Structure formats: structure tokens, C-alpha cells
Amino acid sequence: MTASSSNTAYVRDDEAPKLPPPPNMVGVQGWVLKNLFSSIGSSIVTVLFGSFLLWMIWSVLDFAFLRAAWTGANRDACLAENMGACWPMVTAKLPQWIYGFYPIDQRWRVNLCFVAGAALLIPMLMPSAPYKLWNILLLLIVFPLLTLLLLTGGNFNFNLLSYVSVISLLLLAAAAVPLAAFGIEEGIARNRLGLALAGAAIVVWLLSFLTGPVPLGSSMSMMPMLIVLLLLASAVISIMASRDGGNSAISGWAIVLGGILLAMLLLDFDFGLIPVETPQWGGLTVTLVVSITGIVASLPIGIVLALGRRSQMPIVRMLSVTYIEFIRGVPLITVLFMSSVMLPLFLPPGTNFDKLLRALIGVAMFSSAYMAEVVRGGLQAIPKGQYEGAMALGLSYGQMMSKIVLPQALKVSIPNIVGNFISLFKDTTLILIIGLFDLLGILQTGLRDANWATASSAPTGYFTVALMYWVFCFGMSRYSIYTERRLNTGHRR
Amino acid sequence: MPGSFSFLQEQDRITGLIQGKGMSMTVAIEPRVVPKVSVWNDPKIRAMFFQAALVIVLLFLAYEIVANTISNLQRLNKDFGFAFLKRTAGFDIIQTLVPYTSASNFGTALYVGFLNTVLISFLSIIAATIIGFVVGLMRLSKNWLASRIATLYIEIFRNVPLLLWIFVFYSAIRQPLPDARNALNLFDSFFLSKKGLMVPKPLFGDGSWIGMAAFVLAIVASIVIARWSKSRQEATGQTFPVFWASLALIIGLPLLGFAVAGFPLTWELPALKGFNFSGGLAVLPEFIALFLALSIYTATYIAEAVRAGVLSVSHGQTEAAHALGIGTSSTLRLVVVPQAMRVVIPPLASTYLSLTKNSSLAVAIGYPDLVATGGTVLNQTGKAIEIVSLWMLVYLSLSLLTSLLMNWFNSRMKLVER
């Protein structure tokens with residue numbers, strides 16, 4: 001035993017003590033060595049960029065705080081030699097940058113819109129907030145109406161003809177209620193009379209084109225009366241025909257009818273608000289109105305275009321592709337020029353509408369083409385099995401799209417939709433070229449103000465407005481990254 | 001061969017079975033019950049009906065638009081047509097690449113604008129690509145500070161509208177500069193003022209064609225050398241410094257050509273005449289501002305594309321290259337970049353397209369591009385439809401051309417799969 005133990009080499013039976021890593025590999029020193037001074041080249045880069053960064057930060061601080069003027073009533077405050085930021089100008093101009101030329105005593109209306117928008121948008125963006133469906137409905141239907149009412153002042157004075165046409169269209173839609181409730185075959189069988197009456201109304205309407213326009217009002221002519229009566233009868237019969245079993249379709253139709261009439265009445269009603277014409281709007285208000293209208297309008301149009309582009313029907317596909325590629329091939333500014341100078345030529349003589357509305361149409365046309373491509377990307381990301389599964393279950397095209405495919409496709413494309421919204425938000429600045437005053441436009445106009453004409457007013461103005469745009473866009477891009485991470489859970493490995 | 005014979009027989013038997021020959025049992029084939037599909041539910045008929053309705057509605061809309069336009073134009077005493085392009089323009093353009101005076105016609109004015117659009121887009125694309133690649137690679141740098149500064153650059157420039165950047169650069173360039181009389185003077189040949197940067201203009205005398213020809217020759221020779229070097233490397237494995245040889249050729253041959261011709265190149269110096277400069281080449285402040293804004297703004301998108309492309313090349317590729325003993329720079333050039341390019345090119349193509357379209361923002365600061373000159377023509381003639389359709393046609397063709405080029409390039413770079 002002793003011999004063998006003396007023959008064996010030394011065997012260690014306890015673990016060697018763990019030594020601390022070399023001091024220059026851990027802690028601040030280690031991090032600095034590894035990430036900033038790992039090699040000679042890296043050290044040079046660090047020194048160069050570091051001094052550049054320090055210089056940049058110093059310049060910004062120097063401009064914004066150290067050399068800045070803080071108080072004053074006019075340009076005299078900012079006339080000093082080598083002046084930094086001219087903050088009194090920002091204080092004086094900020095209301096204009098936000099509200100444009102909106103009457104000062106009416107600005108509470110804009111504020112109310114901002115508050116309502118924020119109150120609806122914030123819970124919408126929080127994944128955990130409840131009542132998402134109601135939130136979406138409020139945000140996409142009630143909020144735009146409220147904004148329209150508050151910003152313009154309402155009291156649109158719709159004429160009788162608009163009411164008659166809207167009601168007629170809704171009554172005509174009633175003829176489709178049995179078709180929607182029972183399917184086409186049975187719907188027709190149940191509602192022959194209603195459909196025939198609706199068809200007769202359309203024929204009479206078409207005939208009225210031959211007789212020429214008939215004035216409506218004091219001398220109520222026969223044709224419109226006849227059309228409305230026919231449609232009313234058709235609607236009553238159609239609703240009666242789908243009474244047993246089609247209740248959800250009936251109530252859906254009734255809600256739409258009631259909602260649209262209520263909206264028209266509200267917009268028509270005189271709440272005593274002073275009307276504010278759109279040329280008086282401006283600043284951030286217009287930027288937000290244009291970008292939000294653009295996104296809200298482009299989403300449904302974009303979905304329709306994307307579905308059209310993936311459709312089996314050759315004509316539909318060709319038309320969608322042509323529209324999308326045409327719009328994506330030309331700059332926004334030409335589309336805006338088209339809607340502002342060509343559109344009035346396309347419409348019947350006498351129709352004259354608002355410059356802002358024309359810009360809105362241009363922006364909506366433009367962004368829907370881009371939205372269509374975003375949605376198409378989402379549609380393509382959905383595996384074919386989902387489509388096939390839906391078809392195997394016997395779902396119709398509309399059911400398949402609305403219940404199976406689109407919810408998944410839209411969810412996948414949320415980050416890209418937000419990305420699209422960011423670029424739309426930045427693109428709204430282009431409306432200043434066709435003579436509207438968005439945030440940037442009002443800044444450019446304000447810089448010509450003799451009251452504040454100093455060397456430092458342009459840098460100050462651009463700095464502040466750029467910061468405003470940056471906060472919006474950066475916030476949105478962070479939100480998009482956040483959603484992407486949140487939605488990505490299912491696929492993470 | 002008996003084997004093949006029996007095989008044929010077997011084949012025959014099977015065919016017979018399939019055709020029903022030699023089957024003793026007869027199967028009564030019942031006609032397949034085709035479920036009666038109503039006309040309403042037949043997808044083909046539905047599709048035809050729907051498309052017909054769509055076409056009718058669109059035709060009606062088109063008819064309405066045309067009819068309205070005709071009646072509107074009549075009411076405004078205007079006519080439709082491109083004859084106005086031959087009329088005298090009567091306005092000046094501050095930057096012209098082809099001879100143009102206010103006595104030229106509207107068509108020439110638009111052509112000048114088009115060339116200016118092409119010039120600014122081309123130069124900005126080059127600059128944006130260079131900045132974008134540098135920033136994109138910097139973002140991936142191991143140096144923490146470098147990657148943070150690249151991120152900062154991207155986040156700052158991308159989240160503010162391009163138009164605002166154009167205004168910022170324009171005002172930053174214009175404001176601190178002196179007016180023409182007190183221009184910053186460098187060697188009496190470069191002048192920097194509110195009128196822009198004045199540089200000497202090269203005047204090519206007789207015989208400069210020899211230099212030009214030598215330049216073309218040098219390019220051709222470089223291509224030939226590259227081909228030869230590639231085939232030699234494939235055959236023998238020996239490499240040849242193609243880059244340096246081509247550089248020497250492209251610089252040396254034209255110089256030699258000019259030397260042979262006796263340097264027929266003279267410079268026209270700009271000189272102050274009254275309130276403005278005459279002679280020389282003027283680089284407009286509008287041009288500089290637009291160029292800077294377009295390239296710096298677009299570079300952020302290119303940087304993101306480059307970063308995504310490099311990240312898409314798996315780390316194993318780099319490690320494998322190192323294991324084979326390939327050096328760092330060669331790994332980057334021969335292994336990583338070719339694979340990254342596949343991912344980079346499609347977004348790069350759309351970025352180039354959007355840069356070309358964004359160059360139309362020139363109108364906001366008065367750089368005479370296609371949209372700005374077109375806008376002037378529109379104001380003078382009132383030909384809204386003609387001008388807007390010309391714009392759209394030109395930009396559409398530019399877009400189409402760029403995407404064709406990029407598609408061709410993309411198909412060349414694509415992974416060849418079996």
C-alpha cells in the first residue's frame with residue numbers, strides 16, 4: 001500500500017479555488033477595453049467619434065441653452081451677436097404652429113378633438129385594455145364624425161335631395177337583406193316581389209336620365225316620388241320576407257340606416273358653433289387631420305386592392321395591379337397636383353370643393369396603393385392551409401376572408417401598417433407645395449414674419465419643428481417594434 | 001432479350017386490364033350524380049357577372065370624367081393638346097445642362113427640367129449608397145461608440161420629414177454665406193457665396209477627342225483584363241491585381257491621350273461682374289441643399305438594408321472562411337458581401353426609386369427639376385392635364401427603367417439553385 005501510494009503522482013482531490021478574472025476583463029475597465037479600445041484602429045475610431053459626439057452635444061446644448069434668449073416680446077430679444085436659440089419666438093408662434101389660423105376663441109374645439117383622440121387612441125394601443133371592439137368603432141366612426149363636426153362647426157345644410165338619395169340607397173340595400181340572411185337561392189325565392197320592386201325603382205331612376213333633371217322641392221315631380229315609393233314598398237316587403245330567421249341581418253341594416261341618418265342629422269344640425277372654413281385651419285391640426293384621414297381611408301381601400309390583386313378574376317387583378325403600380329411609380333407631389341388641379345376639371349361644372357378635401361383625396365389615393373402592398377404582404381404570409389381549411393369547411397369567399405384570413409393577415413402586417421403611417425405622416429409635409437399650411441408650411445410662413453426676423457429664428461424654428469416630427473415618428477417606430485416583438489411570440493424558437 | 005420481352009408482355013396485360021379487356025365481370029357504371037349547382041352559385045358565372053359590372057361602372061366613370069373635362073375645358077376656353085410645347089417659354093432657368101434661353105420653347109424647358117432631375121437623382125444615388133454602406137457597416141461594428149453613432153444617425157435623419165431636411169440644409173447653406181460681392185475667394189478661381197459655388201469650367205480644345213477615346217479604351221481594356229484574370233484564376237489559381245491595373249489604366253491612358261494632343265484643356269475662370277458672376281460653372285445652393293438632404297436622408301434606408309443583408313449571412317460562413325485560411329478583408333469581399341447583396345438589392349432598388357421620386361421635392365426650394373419647371377409651364381399655359389400626365393409618364397418610365405435594371409442585376413446575383 002505504502003509503495004503504491006508513493007508511486008502515484010500527486011492527485012488533487014479538492015477543486016482549485018476559482019480565481020477572479022483579470023481586472024482588465026471585467027467591470028467598467030473590461031467593458032471599455034473590449035468595446036472601445038480593442039485594437040489600434042478601434043481606439044482611433046473611438047477617439048475620433050467620441051470627440052465628434054462631444055462636440056455635437058456641446059453645440060446643441062450651447063445653441064439651445066447657453067446662448068439662447070428666453071424672454072422677449074419681439075425680435076429685439078434675439079438680435080444679439082452670435083445668438084443661440086430664440087425661444088421667445090417659439091413661445092409666440094407655438095399656438096400658430098399647433099392651430100394655424102384657427103380663431104383664438106374657438107381653439108377649445110381643436111383641443112377637445114385632441115383630447116378625444118388621445119382618450120380613444122391610448123387604450124387602443126394598449127394590448128391589455130378591454131373593450132377593443134367598441135374602442136375601434138368609436139375611434140374609426142364616432143371620432144372622425146366628432147372631429148368633422150367640431151372643426152368645421154357642423155351645420156352643413158344638406159339639401160333635401162341628399163337626404164332623399166341617401167335614404168333611397170339605404171332602402172335599396174334593404175332588398176339585399178333576405179339575400180344576405182338566407183343565401184341567394186332562398187333569398188330570391190322568398191323575396192321575389194321586393195326584388196322586383198327594387199328593380200323597378202332602378203329602371204325608373206335610369207329612365208329619369210332620359211327625361212333630364214327634374215327640379216325637386218316646391219314642384220315635387222313624379223319621378224323621385226315614384227322611386228322613393230317603390231323603394232319603400234320594396235324595403236317593407238324585403239324586411240317582412242326575412243322576418244323569421246334573418247333577424248341579425250335586419251338589425252344590422254337598421255343600425256346602418258339609423259347610424260347614417262343620425263350622422264347626417266348631427267352634421268346638419270346647428271349647434272351654434274361658429275363655422276371655421278378650412279383655409280383657417282393649419283399647423284399640427286392639419287398635419288394630423290391629413291395623416292389620420294389618409295390612414296383611415298387607405299386601410300379599407302388598401303384591403304380591397306390587395307384582395308383584388310390576389311383575386312382569381314383576371315380583370316379585377318389587372319385593374320388592381322395597374323392602380324397600385326401606377327400610384328407607386330409616381331411621386332406624391334404629382335398625385336397632389338393631380339387632385340388639386342385636375343380633379344376640378346373631371347367633375348361636373350359647378351361642383352367646387354375645398355382645397356383641403358382635394359389634398360385629402362390625393363393623400364388617400366396615394367397611401368391606399370402603399371397600404372395595398374402592405375396588406376398583400378400579410379396575405380402572402382398566411383399559409384395556404386388556412387385558405388384550404390376555410391374552403392373545406394364550406395365558408396364563402398367573404399366569410400373566409402373576414403373570419404379566417406384577414407384577421408391573421410392584418411395582425412401580421414401591423415408593424416408594416418405603422419411603418420406606412422410613419423411615412424404618410426412625414427409625407428403630409430408635401431401639401432405645403434400645393435398651398436396648404438401644415439406644421440412645416442406654417443413654420444415656413446412664420447419665418448417671413450418681420451416681427452421675428454433674426455438670424456437665429458430659422459434655426460430655432462427648424463429645430464423645434466423637427467423635434468416635434470421626430471417625437472411623433474420615433475414614438476410610432478418604437479411602438480411598431482414593440483408590437484412586432486409582442487406578435488412574434490408564436491414563431492419564436 | 002427474354003427479360004425485356006416478358007416486361008413488354010406484362011405491360012400489355014396491365015394496359016389490357018385498365019382498358020377492361022379480358023375482364024369477365026361487367027360493372028354497370030352509373031352516371032355520376034352531378035349536384036345541380038344553381039346559376040347563382042356557379043363561381044365562373046359569378047366572376048363573369050362581377051367583372052362585367054365592374055367594367056360597366058368604370059366605363060361609366062371614365063365617360064363621365066371625359067365628358068365633364070370636355071365641357072369644363074370648353075367653358076374655360078381651353079383646348080387639349082401638346083402643341084403648346086412649341087411655343088416660346090419666356091422664362092429663365094437657373095441651371096441648364098443643355099443650351100436654353102428664355103427664347104427657347106416650353107418643350108425644351110421641360111427637357112432641361114428632366115435632365116436636372118436625372119442629374120440630381122444620379123449624383124444623390126451614388127452619395128447615398130456610399131454613406132449608406134458606411135453607416136450600415138458601422139452599425140455592425142464591434143466598436144460600441146461607432147455602432148451607437150450610426151444608430152443615432154439613422155434615428156435622427158429618418159424620423160424627420162425629408163422636406164424639412166431640405167429646408168434646413170437650404171437655410172444652413174444660404175444664411176451664413178456672404179453675397180456675391182463679398183464671396184469667399186479661393187485662388188481667384190473658386191467663389192463661395194449666396195449665389196452658390198463657382199468653379200472653373202473646363203473648355204476642351206481641338207484634339208481632346210484623343211483623351212476621350214483613350215478613356216473609353218481604358219474602360220474596355222479593364223473589362224478585358226477582368227475577364228482574362230477570372231479565366232486564368234479558374235484555370236491556374238493565380239490571381240491578378242485587377243483593381244489596381246484597371247485604376248492605372250483608367251487614369252493613365254486618358255492622361256497619356258491628353259499629353260499626346262498637347263493638353264488642349266483650358267479653364268474658364270468665374271469672375272465677378274456687377275452683382276453676379278459670369279463664366280465658370282455654378283453649383284447652385286439649391287442643388288447642394290437638395291443633394292445633401294436627399295443623400296443623407298436616403299442613406300438611412302440604405303444603411304438599414306445593408307445591415308439586414310449582412311446580418312442575413314450566417315456567422316458560420318465567416319467562420320468557415322476563416323477556417324479555410326481566408327483573410328478578414330477577403331472574407332468580407334468574397335464570402336459575406338456577395339451573399340448579403342442578394343438580400344440588399346431588392347430594398348436597395350426600391351430605395352433608389354423613392355429617391356428619384358423624392359427629388360421632385362426640389363420644387364419647394366426652387367431647384368429647376370422636372371416638377372418645378374413643369375409647374376412654371378403650368379402656371380404660364382394653364383395646361384394642367386397635359387403637364388401632370390407628362391410628369392407621371394416620365395416618372396413612371398424612370399421607375400420602370402430602374403426596376404428593370406435592378407431586376408436584371410438581381411437575377412445575376414441570385415443564388416443559382418438546382
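Mentor: One term before we start: a residue is buried under 20% relative accessible area, exposed over 50%, and partly exposed in between. Also keep in mind that this is a predicted model.

Trainee: OK, so try that on A:Trp31. What does A:Trp31 count as, buried, exposed or partly exposed?
Mentor: Partly exposed, because its relative accessibility is 37%. B:Trp144 is also in the in-between class, at 34%.

Trainee: How many aromatic pairs does a search of the whole structure find?
Mentor: Over all chains, the search comes up with 20 aromatic pairs. Take A:Trp31 and B:Trp144: their ring centres are 5.2 Å apart and the planes sit at 70°, so they pair edge-to-face.

Trainee: And why does that pair join two chains?
Mentor: Because A:Trp31 is in helix H2 of chain A, while B:Trp144 is in helix H4 of chain B, residues 144-158. There's another edge-to-face pair in B:Phe243 and B:Trp244, so called because the planes are at 75°, with ring centres 5.1 Å apart. B:Phe243 and B:Trp244 are both exposed.

Trainee: Which residues form an aromatic cluster?
Mentor: One cluster is made of A:Phe63, A:Phe65, A:Trp70, A:Trp87 and A:Phe463.

Trainee: Let's switch to the interface. How many residues are in contact between chain A and chain B?
Mentor: Chain A puts in 57 residues and chain B 55. The two chains bury about 4,700 Å² between them, and carbon and sulfur atoms give 76% of that. On chain A's side, A:Leu345, A:Phe346 and A:Lys426 supply 14% of the area buried against chain B, more than any other three residues.

Trainee: What about salt bridges, what's the count between chain A and chain B?
Mentor: One. In it, the side chain of A:Arg478 meets that of B:Glu155, N to O at 3.1 Å.

Trainee: And how many residue pairs are in polar contact across the interface?
Mentor: The rule finds 16, counting pairs with both residues at pLDDT 80 or more.

Trainee: Which elements of chain A give two or more residues to the side that touches chain B?
Mentor: Among them are helix H2 (27-35), helix H3 (40-66), helix H14 (332-346) and helix H20 (457-487). The largest share comes from H20(A), with 11 residues. By type, that side of chain A divides into 42 nonpolar, 10 polar and five charged residues.

Trainee: How many residues of H19(A) are buried?
Mentor: Seven of its eight, so to speak a mostly covered helix. The buried residues include A:Leu439, A:Ile442 and A:Gln444.

Trainee: What covers the buried residues of H19(A)?
Mentor: The cover includes helix H4 (87-99), helix H12 (283-309) and H20 of chain A, together with helix H5 (162-174) of chain B.

Trainee: Last topic, A:Ser234. Where is its place?
Mentor: In helix H10 of chain A, residues 222-241. A:Ser234 is buried, because its relative accessible area is 0%.

Trainee: Which backbone oxygen does the side chain of A:Ser234 reach?
Mentor: That of A:Gly194, at 3.2 Å. Leaving aside neighbours within four places in sequence, A:Ser234 is in contact with A:Gly194, A:Ala175, A:Leu197 and A:Ala198.

Key. Residues numbered from 1 in each chain as written. Chains lettered and ligands numbered in written order. Heavy atoms only, no water. Contact = heavy atoms within 4.5 Å. Buried area = accessible area lost by both parts, 1.4 Å probe. Salt bridge = Lys/Arg side-chain N within 4 Å of Asp/Glu carboxyl O. Polar contact = N/O pair within 3.5 Å; in protein donor to acceptor, adjacent residues only side chain to side chain. Helix = DSSP H or I, 4+ residues; strand = E, 2+ residues; numbered from the N terminus. Nonpolar A, V, L, I, M, F, W, Y, C, P; charged D, E, K, R; others polar. Phe/Tyr/Trp six-rings, centres within 6.5 Å; stacked < 30°, edge-to-face > 60°. Buried < 20%, exposed > 50% of the residue type's maximum accessible area, 1.4 Å probe, protein only.
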